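Hi,

Here is the structure I promised to pass on.

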Amino acid sequence: MPDLLHISASPRGEDSQSLRLAATFLDTYRTVHPSAEIDEWDLWDGSLPAFGPAAARAKMTVFGGGTPQGEEGEAWRAAGEAFARFDAADRILFSVPMWNSGVPYVLKQFIDVVSQPGLVFGVDPVTGYQHLLAGRGKRAAVIYTSAVWAPGLGPEFGADFQAPFFTGWLNWTGIDDVAEIRFHPTLTGDTEEAFRIAHETARDVAKAF
């Protein structure tokens, strides 16, 4: 089992600010925990299964108390394997750039694949959702970056459906110990200073993680 899982939603490689911040975080984490095993999961590497018609039918079969078979069974097993990789580590770092006020579609795909009944959640007809990852000591650190939108700017610079959606999803799973690392330099801000502060925050969060 890995000590830390890094899930990246950025496809930009060396040009990605979120991945640069992740590198600072991971370098610091390795310094503090030199024997730590770190799993790097690039969501763009083709390993994330699709969640299409067969998977959707499988999910509803499970909801109904059945066992998915055939094509549905294969889709359900693929989703379960993705969840198992996500669930294997108690410390998870996410790199999340802002795309069109929200998150990259591949991260939404990841959420749709792993958010399954009996794995991430249950439903009680009286009390509602059961958060199945709660109480297990899981912690998350999330790197949020954007180039145009930033806190304090008006709606003409966009809106933030990035952090409320993703941190909200983490809390819904039962992971409520969430640290945020933010880089929002804006088009006219002091990029170098924002960069310095963000990397300092990344190091501080990694030391305590």
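Below is what turned up, starting with the sheet.

Before that, a word on the ground rules: this is a predicted model, where local features need pLDDT of at least 70 and side-chain atom pairs count only at pLDDT 80 or more, while totals for chains, interfaces and linings use all residues. Residues are numbered from 1 along each chain as its sequence is written, and side-chain values use heavy atoms, with hydrogens and water left out.

Five strands form an open sheet with parallel pairing, in the order S2-S1-S3-S6-S7 (strands are DSSP runs of E, at least two residues, and helices runs of H or I, at least four, numbered from the N terminus; two strands pair if DSSP finds at least two bridges between them). Strand S2 (38-42) and strand S7 (178-183) are the edges, each pairing on one side only.

Helix H1 (residues 17-32) lies across S1, S2, S3 (91-97), S6 (139-145) and S7, at about 160 degrees to S3 (axes are lines fitted to C-alpha atoms, for helices over the stretch in contact, and angles run from 0 to 180 degrees between N-to-C directions). Helix H6 (residues 191-208) also packs on the sheet and touches S6 and S7, contact meaning heavy atoms within 4.5 Å. The direction of H6 makes about 160 degrees with that of S7.

Enjoy exploring!
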